[in-house]
Amino acid sequence: MKNEKEIKCDENTHTCSVEDVTYTCPMHPEIHEHKPGSCPKCGMALERENISIQTAGVKYTCPMHPEVVKDEPGACPKCGMALEAMSVEDDEENSELGYMTKRFWISVALSFPVFLVAMVADIYPQLLPKSISMSFVQWFEFILATPVVLWGGWPFFVRGYNSIRTMNLNMFTLIAIGVGTAYIYSIVALLLPEIFPPLMQTKDALVHVYFEAAAVITTLVLLGQVLELRARSKTNSAIKTLLNLAPKQAHLIDKDGNEIDTPLEHVKVGDLLRVKPGEKIPVDGVVIEGHTNVDESMITGEPLVVPKDKNQKVIGATLNKNGTIVVQAQKVGSDTMLSQIVNMVSQAQRSKAPIQKLADTVSSYFVPAVVLSAVLAFFAWYIFGPEPRLAYAIVAAVAVLIIACPCALGLATPISIMVSTGRAALMGILVKDAQTLETMEKVTTLVVDKTGTLTEGKPTVTKILTNGDFKEDDILKYAASLESVSEHPLSEAIVERAKQDGIELQKVQNFDAVTGRGISGTIDEKTILIGSQEYLQSQNISVDVLAQDIKRVREDGKGVVFMALDSQFAAIFAIEDPIKETSKEAVEILKSEGIEVVMLSGDNATTANIIARKLGIDKVFANVMPDGKIDVIRKLQAKGEIVAMAGDGINDAPALAGADVGIAMGSGTDVAIESAGVTLIKGDLLGILKIINLSRATMKNIRQNLFFAFIYNSIGVPVAAGVLFPFFGILLSPIIAATAMSFSSVSVIVNALRLKHVRLQ
């Protein structure tokens, strides 16, 4: 088969390019193929790779072994499960599901009459017309069962063969051996009945055949695959929901000012796009014209609309409510926040949790042990069993092979991870990998950065106090005008306050900045000085007139900026970084959950302790530099604490990477988000509570799944081998074994899907 190609055309340049479509295995991401198919390691269907809004090539991977990556759908060479597309599109059809569904229904149509005739012939042979001999019945079963086994079950034989060839024994090893043994035995019995012992032959010189068992087992395994693939496709609902948020077209404004409707994939960085009321914003960008309110709940989870004016950023796929705006595209395609969210969710769903190692280890020993058990069961029945011994031996061996298929064991962890990470994404919480999700359950200490995490991270002027000789509006006009040409971090707070009050800024002359002290300049022939108390005092300007007010402002944890006008002390500006509304509630709940909250801050000890006291935080580290933050985390870890670190700045990145779990605020820098295992898009500490509760629910769910899988196999294998036969006369039919095997997998999937509805707060 040739490599799959995808043609991508640019309508502007009238050129097209051909790109390879690649596939990978979710369980073995190192596998890369250029066509759909099965993973050579585990046999699962490969998935298309690189999820984004526009996808050039798609790879397939195995949810059990993410290192398997192929270029086409198929089966994982390690575990035999169907590979899944690493790229999910909103209109994507599950080719593996359609493939298996077709085989299943045709197999049902053929195997049902085989099963019916076989049961009548075995239990009520008198119901058969006298003209129909038992030889005819066996040939009838052979003719109908053969396409079921050889065509319907062909994928299982291929996966089983590959598993033996590569020595990656898996559930399809057992299925192929079991069904193959029953089918081949039946053919030999049909064609050469004389080679069997007389005790195994009927009065018609025939030997009992198991075509109905081979056909029905194949059909039941196909049913299990169909149900599994359908359930697994539901775990991608979070990704598909996100993908559906993106609009298909944009209103492009060309150089002549004309509006042209163009497909979203043709929008380039720098393009101007008009967004009308009720439409979704096509890409990430900045407003250059107009005013509106935007519903950003898909990103933040917050239902309140956000006002957007000129020069403010907007996010692709958010909903423009009531105004027409012109947006300049800044991020398009896979660079948009929506596409990055989709990629992060997809990668997290395919990642392995440490607990998965337990299932992998057990499985590596389990399959050889089952094969050995089947061999022992065969010889035990053949040597010690009642006549016909060979028939009993084959039935027991096939039943052991079929019922012991470890598909439920293999699904126990990845299916829960896929559901929970998808659930988290829809709540505005992005989990980078499964290990992070598992570790969150164990966190004992949460270290939080003050600025931007506990607080808004945006200094605000809360009070302006004048000495009585000046009007507040005049003070704000002169101060904001001078600060508008300054680069000091607090300048923006004063300028923003002036904008809110509708004050027009003035032209500044003779601007000068004294590093670390303050700024000066001339406005309307008046000399203005703004800066620290020491700066004004160095100019022989006394601030004693507001001494008591200054003391109260500082005791409240607010910063103070001093201003003088024509060598006379004029006013102070009280500036603070407001505490987020939800911070106090989050800290209280975290403490009630037994998690110690520690605050880190580069701010002075006075301000840091005041903020901590307001929030009920007992342990504070102030005046901490970036390298000091990671030192604090290492000291806590040395005491045996499992530490989560929440921050939003570049200076937090080392600490986020060094913590057991890094939690980035979505409002923070890209570096912080990249260093973290969890990103809270809304930047709300209550999101930490949600992810901790989700982690606990997920790990509980995984443990339940593993318990069910272990118990199922521990009980099923001995029963199938026939341990109950000497006491109760019970011998498990291979058909019943196949039914139990199929629905054990479905029960694990159904249990995992309960995570979609678990209460998190």
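How are α15 and α16 oriented to each other? In this predicted model, local features require pLDDT of at least 70 and side-chain atom pairs count only at pLDDT 80 or more, whereas totals for chains, interfaces and linings use all residues. Residues are numbered from 1 along each chain as its sequence is written, and side-chain values use heavy atoms, with hydrogens and water left out.

Helix α15 (residues 472-483) packs against helix α16 (residues 491-500) at an angle of about 130°, and their axes are 9 Å apart. Helices (H or I, at least four residues) and strands (E, at least two) are DSSP runs, numbered from the N terminus. Axes are lines fitted to C-alpha atoms, for helices over the stretch in contact, and angles run from 0 to 180 degrees between N-to-C directions. The helices α15 and α16 are therefore oblique to each other; angles under 35 degrees count as roughly parallel, over 145 as roughly antiparallel, 65 to 115 as roughly perpendicular and the rest as oblique. Contact (heavy atoms within 4.5 Å) involves Glu472, Leu476, Ala479, Ala480 and Glu483 in α15, which meet Ser491, Ile494, Val495, Arg497 and Ala498 in α16. The residues of this contact comprise 6 nonpolar, 1 polar and 3 charged. In this classification Ala, Val, Leu, Ile, Met, Phe, Trp, Tyr, Cys and Pro count as nonpolar, Asp, Glu, Lys and Arg as charged, and the others, Gly among them, as polar.

Strands of a sheet pair through backbone hydrogen bonds, either parallel or antiparallel. Two strands are taken to pair if DSSP finds at least two bridges between them. An open sheet of 7 strands shows mixed pairing and the order β17-β29-β28-β27-β18-β25-β26. Because β17 (429-431) and β26 (619-621) stand at the edges, each with a single partner strand, one side of each is left without a neighbour in the sheet. On average, neighbouring strands of this sheet are turned by 20° against each other, direction ignored. Strand β17 runs antiparallel to strand β29 (residues 678-680), to which 3 bridges join it. In this pair, isoleucine 429 stands opposite leucine 680 in β29.

Helix α24 (residues 686-721) lies across β17, β18 (445-449), β27 (643-647), β28 (661-665) and β29, and runs at about 50° to β17. Helix α24 also packs with helix α19 (residues 583-592), at an angle of about 30° and with the axes 8 Å apart. Here Glu585, Ala586, Ile589 and Leu590 in α19 meet Leu686, Ile688, Leu689 and Ile692 in α24. This contact has 7 nonpolar, no polar and 1 charged residues.
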